[in-house]
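The sequence and coordinates come first.

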Amino acid sequence: MVFKACLKKEFLEEIRTKKFLRYSLFACGMVVLALIVFAMMSLVSKIDIEESNEMMGAIKELFELTYANYTMYFCTFMLTYFTLIYIVMIMNSISKEISQNKWLLPISAGILPENMIFAKLIVKTLSLVCAEILAIILHFSTLLIFFKSTGGYGVPNVLLAYLGLILFTVFMSVLTLSINAISKKGWVSALVSISLLIVGTTILENIVISGKQLITFTPFMFYEIAFNPSVTLNATQWLISIFTYLIVIAGLVVWAIFSNKIKPTKNEEE
Amino acid sequence: MLKIENVKKSFGLKNVLNGINLTLNKGEVYGLIGANGAGKTTLLNIVARVLNADAGKIFVDEKEIKIANDLKGLIGYIIDIPALYDFLTPYEYLEFISSPLNLSKEKLKEKSDIVLKDVGLSDCGNKRIKTFSRGMKQRMGIAAGLISEPEIILMDEPMSALDPQGRYEVMQIIEKLKQDGKTIIFSTHILGDVEKVCDRVGILVNGKIQVEGNIQDILNKYSENVFKVYVNESDFEKVIDTAKKCEYFVSATPKANFIEIEFLNGGKKKMFKNLSGINVDINGIVLKEQTIEQIFMNLSKEN
């Protein structure tokens with residue numbers, strides 16, 4: 001009953017404070033951005049390029065109207081710009097409520113902080129995922145309408161990229177919100193999440209073990225899949241990365257909840 | 001009804017509460033007086049189990065309360081500036097806040113209607129809280145504290161942020177709660193409010209309740225220590241000399257047509273005897289009346 005009430009409160013907050021609308025606009029904005037880039041760069045493909053001009057030839061190839069290119073640009077924008085935007089938007093979600101004393105009345109009424117944190121983690125993450133799904137639907141529709149050539153990508157590759165995007169968003173959302181609940185500081189959660197997004201993924205991509213990138217053994221594998229859905233992964237990579245993904249998410253959630261648990265007072269004689 | 005036993009709390013090196021002991025009987029309104037930063041809010045937060053004490057115990061009806069969840073409707077908490085989720089309507093907020101009580105929809109609606117009527121918000125049940133004025137938000141905070149029909153109500157400066165009209169409305173609500181037999185701890189630094197509604201007060205200074213008791217008893221006790229002796233100006237010196245000979249003498253301050261003589265506790269009779277036996281025309285001896293405010297100020301200065 002209490003958890004259900006917390007979930008309802010969070011859903012109403014996402015809708016009524018227009019947070020979900022803003023996430024959706026930003027996410028769909030990434031599709032528009034990808035389309036604008038293509039519209040501008042498609043002019044390049046109309047330029048009559050001499051065969052000897054290799055650089056221009058490469059640029060032309062990069063902006064060919066294919067599933068592969070369009071999906072790649074969309075995913076890149078989503079993984080970088082949209083991720084940065086939502087990290088900034090949610091980095092204070094829990095600490096702000098605490099500092100504004102909004103938890104005072106609910107806690108004194110018997111609503112446990114762990115219920116409020118868990119509900120917030122679920123609803124915020126769901127809200128971001130739904131916004132992302134809207135952008136994905138928009139992307140897929142425009143893909144089918146405007147793009148004819150697959151460019152080596154079949155629909156399964158595109159769907160895999162979408163899956164990578166969604167699972168990476170779940171990871172980053174849980175990470176940002178959990179760090180915020182643990183540290184009670186917005187800048188800490190933003191710093192950790194943005195550092196992992198920019199520096200962490202780059203480092204992991206560049207470490208190669210037995211011919212395999214280290215990133216494909218970590219929770220960031222879904223980031224890699226979204227960037228490059230044609231990457232080939234063996235069963236071990238899948239197992240280890242999914243296992244670490246689930247363990248890290250569960251660990252963060254438990255840590256966030258327990259760091260806010262109100263413990264009974266220890267008495268002097270105890 | 002409510003027993004606070006040796007509650008201690010410090011923030012870093014600062015001791016905010018140094019062993020608070022307090023017992024409240026059913027239906028009693030207790031005024032907790034203290035300057036800003038005296039620890040009133042900290043004490044109430046600990047009683048509401050929003051904050052952990054470093055030491056001490058809280059009992060409600062003989063049962064020890066260890067975490068907020070143990071309270072579930074036993075205590076209602078009303079704070080000075082309630083931070084509400086203003087995207088919700090009063091009905092939705094009350095539904096959220098009362099979720100630990102597991103009320104049926106019908107019961108919840110019935111209770112919400114009653115508390116909203118009590119606080120004068122029955123016409124605004126479906127409006128978003130963000131459209132409310134400060135006074136309305138304060139009343140909404142009171143409704144949230146009362147939805148569980150608690151027997152004990154903690155009020156942390158419930159009127160400090162309100163204009164005279166808002167203060168009057170909240171005072172009416174408190175008086176109604178008092179009539180309903182609720183046990184109330186009412187913290188404030190506005191002492192006029194205390195004298196209006198409280199049966200008993202405690203003055204919190206330096207993390208301890210320094211003075212406690214019935215308001216009239218406190219006033220009598222502290223008023224007894226100062227006489228106003230009305231004499232002609234030419235006799236001032238004689239009177240002061242006589243007063244100084246009394247073992248309970250503290251100070252003598254000449255004023256326009258009287259002398260204010262302060263003496264130690266228990267010296268009233270002796271001092272009165274000495275002064276009345278003096279060979280001067282005394283126009284009158286009266287005990288100087290003190291207000292709770294003056295007593296509080298003196299205690300704060302002493303500490």
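B:Tyr30 has B:Arg200 as its bridge partner in β9(B). The model is predicted: local features require pLDDT of at least 70, side-chain atom pairs count only at pLDDT 80 or more, and totals for chains, interfaces and linings use all residues. Residues are numbered from 1 along each chain as its sequence is written, while chains are lettered from A and ligands numbered from 1 in the order in which they are written.

Strands β3 and β9 of chain B run parallel to each other and share 4 bridges; strands are DSSP runs (E, at least two residues; helices are H or I, at least four), numbered from the N terminus, and pairing requires at least two DSSP bridges. Both belong to an open sheet of 6 strands in chain B, ordered β6-β7-β8-β3-β9-β10, with mixed pairing. Its edge strands are β6 and β10, each of which pairs on one side only. From one strand to the next, the twist averages 15°.

| Strand of chain B | Residues |
|---|---|
| β3 | 29-33 |
| β6 | 75-78 |
| β9 | 200-205 |
| β10 | 208-214 |

B:Gly76 lies in strand β6 of chain B. This residue counts as buried because it has 28 C-beta neighbours inside 10 Å; the cut-off is 20 or more other C-beta atoms within 10 Å, with C-beta atoms placed from the backbone. B:Gly76 touches B:Gly145, B:Leu146, B:Ser148, B:Pro150 and B:Ile153, leaving aside residues up to four places away in sequence; contact is C-beta atoms within 7 Å. B:Lys127 is 51 residues from B:Gly76 in sequence and 23 Å away, C-alpha to C-alpha.

Key
A residue is buried if 20 or more other C-beta atoms lie within 10 Å of its own, exposed if 12 or fewer, and partly exposed in between; C-beta atoms are placed from the backbone. Two residues are in contact if their C-beta atoms, placed from the backbone, lie within 7 Å. Axes are lines fitted to C-alpha atoms, for helices over the stretch in contact, and angles run from 0 to 180 degrees between N-to-C directions.
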